[in-house]
2 protein chains.
Amino acid sequence: MNTTVSDTTTEAFRLAMRRFAATVSIISTTTEDGACHGMAATAVTSLSMDPLSVLIAVNSTASLHGPLSEIGSYCVNVLHATQRKQCEVFSSKKDRDKRFDSGNWDIKSAKSPFLIDAQANIFCTVERMVDCGSHTAFIGLVDEVRVDNSVAPLIYLDGGFLKETEAAFRLPHGVGAHGNDVKGNARQLEGIEWL
Amino acid sequence: MNTTVSDTTTEAFRLAMRRFAATVSIISTTTEDGACHGMAATAVTSLSMDPLSVLIAVNSTASLHGPLSEIGSYCVNVLHATQRKQCEVFSSKKDRDKRFDSGNWDIKSAKSPFLIDAQANIFCTVERMVDCGSHTAFIGLVDEVRVDNSVAPLIYLDGGFLKETEAAFRLPHGVGAHGNDVKGNARQLEGIEWL
């Protein structure tokens, strides 16, 4: 049953957002002093195909906001269903300076540190910062991409994670290979052209 | 195994995006002549909390682009796992003028048409249009929100949908209620503050 929300619009918006299943990524960057900075995020979306770009929304109070603004490049590390621990480490304010000790990070081979066994690593240069109030949208032009062979992302919904075993095992049954499950060719669909 | 992609960056980016599980929404609007326009989309993200805003990325060649630019308001209808047919209708170029004949649409009670039994309806006024090349980012200030009691969104991954039965039934087991599944309080986590 749908009901018009009588609570504040803010609370209703939060509830609506909890109904969005979102893939968890870690946004990472390195400042000029060589320090690595990173944060788990779900507000990540593909933006345009020409030029290739993505957008991340970062709260101005987040520890990553300053480094991102300063250095102007970042990597979107798309987490695998098995990397829930990485999400927790990069979300907790405890031991913030030890975040990159957890997981298989390469902090030397590219401009931004990247999680070697993530689902994908999308390296970006900030093209524009759009001030949106509490958050800044960092529009990044895509420089380089690494992808993993598997398709089993870490999915966050309603304040929790989908179980990794379910996320990993249901894919061969639940998802059509290369768009077969969608009428026609998924790449020709309006609005879902990315996938 | 991860490998550095030797294919074009564009193709690698497409593969990376296929590894993002995304919730499917229908973006809807009404032009001044009373005609309804809509499109299925996955490039939708929450943007800021103050003011409440969302962002949608729309290809400039999409039929919805003109109406959205003209009228400056839209609704994000977050699809329920059972509304796969709506996604297909609003993605296919066939019978584009009959899209709103399918499903339980209210085209009169609000500024934008809305799918009554969606997971959520987020009504927005376009605050800014950011030209990003092939796509335009429509930043929308949130005017009003309707939410459904259930939490079972339609999820798109790797060119197909997760099975609706799995999406609906696994939630009580796979997802912690109100963030219990996450260490600490999900709302206090950096970067995942929304959910």
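Modeller: Helices (H or I, at least four residues) and strands (E, at least two) are DSSP runs, numbered from the N terminus. Two residues are in contact if their C-beta atoms, placed from the backbone, lie within 7 Å. This is a predicted model: local features need pLDDT of at least 70, side-chain atom pairs count only at pLDDT 80 or more, and totals for chains, interfaces and linings use all residues. Residues are numbered from 1 along each chain as its sequence is written, while chains are lettered from A and ligands numbered from 1 in the order in which they are written.

Colleague: Why is helix 1 of chain A described as largely enclosed by the rest of the structure?

Modeller: A residue is buried if 20 or more other C-beta atoms lie within 10 Å of its own, exposed if 12 or fewer, and partly exposed in between. Helix 1 (residues 9–18) of chain A is largely enclosed because seven of its 10 residues are buried. Among them are Phe13(A), Leu15(A) and Met17(A).

Colleague: Is Val58(A) buried or exposed?

Modeller: Val58(A) counts as buried because it has 23 C-beta neighbours inside 10 Å. Val58(A) belongs to strand 6 (residues 52–59) of chain A.

Colleague: Which residues does Val58(A) touch, not counting residues up to four places away in sequence?

Modeller: With that exclusion, Val58(A) touches Leu64(A), His65(A), Leu68(A), His135(A), Thr136(A) and Phe138(A).
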